[in-house]
Amino acid sequence: MEIYNFLPQTNCKKCGKDTCMAFALELLKGNVKIADCTPLVEEEKYSEKLENLKELIGDEEGKQKELRINVDEDECDGCGICVTVCPVNARYCYSTLSGKAPDYPPDEHQLFVVKGGKCELLNLEHCRRVAAEGRERECRVCETYCPREAVKIEYV
Ligand code: SF4
Ligand code: SF4
Ligand code: SF4
């Protein structure tokens, strides 16, 4: 359903499948590529869906993109907001739920920590964008709430 939600949902059959749902299932199995849905790739009105789909499963030709969460050290002032708002930090480091620093040493699931006045990213493999399912995979909480716009989520 997640893949289907990012398709045009017009059942135009240009991909050779009878429905967008059938195409979504073939994409999931790796039997077709995003590029096979020409309306999605070529029509401007679907550009947001296309970007979301590429984040989810890879580029048009099926090559999986790699998640990066970059923290700009020059911009970061060590406020610790990313530490307290990241849902994964909150799940494993209960002290962050009340706005405190996580217990030390860092939990193996912990994503953000502030050291020496700067934020550090620790265990990206536990980020919701990698480890969660459904809508949680669209998490952008750290990027959204960083007051200095120092956090950038990218796929490269
Ligand atoms: S080409 Fe795209 S929009 Fe048309 S049926 Fe196939 S998946 Fe759906
Ligand atoms: S929220 Fe932004 S400014 Fe604050 S510690 Fe995190 S990255 Fe740095
Ligand atoms: S995207 Fe979500 S889960 Fe991943 S580091 Fe940011 S706030 Fe945490």
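These are questions and answers about a predicted model of a protein chain with its ligands.

In this predicted model, local features need pLDDT of at least 70 and side-chain atom pairs count only at pLDDT 80 or more, while totals for chains, interfaces and linings use all residues. Residues are numbered from 1 along each chain as its sequence is written, and chains are lettered from A and ligands numbered from 1 in the order in which they are written.

Student: Which pattern does the protein chain follow, read along the sequence?
Tutor: Helices (H or I, at least four residues) and strands (E, at least two) are DSSP runs, numbered from the N terminus. The protein chain has eight helices and four strands. Read along the sequence, the pattern is α-α-α-α-β-α-α-β-β-α-α-β.

Student: What separates the centres of domain 1 and domain 2?
Tutor: Domain bounds come from an automatic or database domain assignment. That assignment gives domain 1 as 2-57 and domain 2 as 67-155. The C-alpha trace of the protein chain spans about 55 × 30 × 25 Å along its principal axes. Taken over C-alpha atoms, the separation of the two domain centres is 31 Å.

Student: How many of the residues of the protein chain, in percent, count as buried?
Tutor: A residue is buried if 20 or more other C-beta atoms lie within 10 Å of its own, exposed if 12 or fewer, and partly exposed in between, with C-beta atoms placed from the backbone. The protein chain has 156 residues. The buried part of them is 21%.

Student: Which residues have the most contacts inside the largest nonpolar core?
Tutor: A nonpolar core is a set of buried Ala, Val, Leu, Ile, Met, Phe, Trp, Tyr and Cys residues joined through C-beta atoms within 7 Å. The largest one has 13 residues, and the elements giving two or more residues to this core are α5 (81-85) and β2 (112-115). A second, separate core of twelve residues includes C15, C20, I34 and L40. In the largest core, the residues with the most contacts are C82, C86, F112 and C142.

Student: Which residues does C142 touch, leaving out those up to four places away in sequence?
Tutor: Two residues are in contact if their C-beta atoms, placed from the backbone, lie within 7 Å. C142 is one of the residues with the most contacts inside the largest core. Its partners beyond four places in sequence are I69, C82, V85, C86, F112 and V151.

Student: Which residues come nearest to ligand 2?
Tutor: A residue is near a molecule if its C-beta atom, placed from the backbone, lies within 6 Å of it. There are 14 residues around ligand 2. Ala, Val, Leu, Ile, Met, Phe, Trp, Tyr, Cys and Pro count as nonpolar, Asp, Glu, Lys and Arg as charged, and the others, Gly among them, as polar; this shell has ten nonpolar, two polar and two charged residues. The nearest are C76, C79, C82, C119 and C146.

Student: Which residues are closest to ligand 1?
Tutor: Ligand 1 is surrounded by 14 residues, of which nine are nonpolar, two polar and three charged. Helices α2 (20-29) and α3 (38-42) each supply at least two residues of this shell. The closest residues are C12, C15, C20, F23 and C37.

Student: Which elements give two or more residues to the shell around ligand 3?
Tutor: The residues around ligand 3 include I69, C86, L111, C127 and C139. Others among them are P87, V88, R128, R129, R140, V141 and C142. The elements that give two or more residues are α6 (87-92), α7 (128-131) and α8 (141-145).

Student: Is V71 buried, exposed or partly exposed, and why?
Tutor: V71 lies in strand β1 (residues 67-71). Beyond four places in sequence, V71 is in contact with C76, C119, L121, A150 and V151. Because 17 other C-beta atoms lie within 10 Å, V71 is partly exposed.

Student: What is the bridge partner of F112 in β3?
Tutor: Two strands pair if DSSP finds at least two bridges between them. β2 and strand β3 (residues 118-121) pair in the antiparallel sense over four bridges. Their hairpin has two residues between the strands, and G116 takes a positive phi near 60°. The partner of F112 in β3 is L121.

Student: Is K13 buried or exposed, and why?
Tutor: K13 is found in the loop between α1 and α2. Phi of K13 is near 75°, a positive value in a residue other than glycine. Because 12 other C-beta atoms lie within 10 Å, K13 is exposed.
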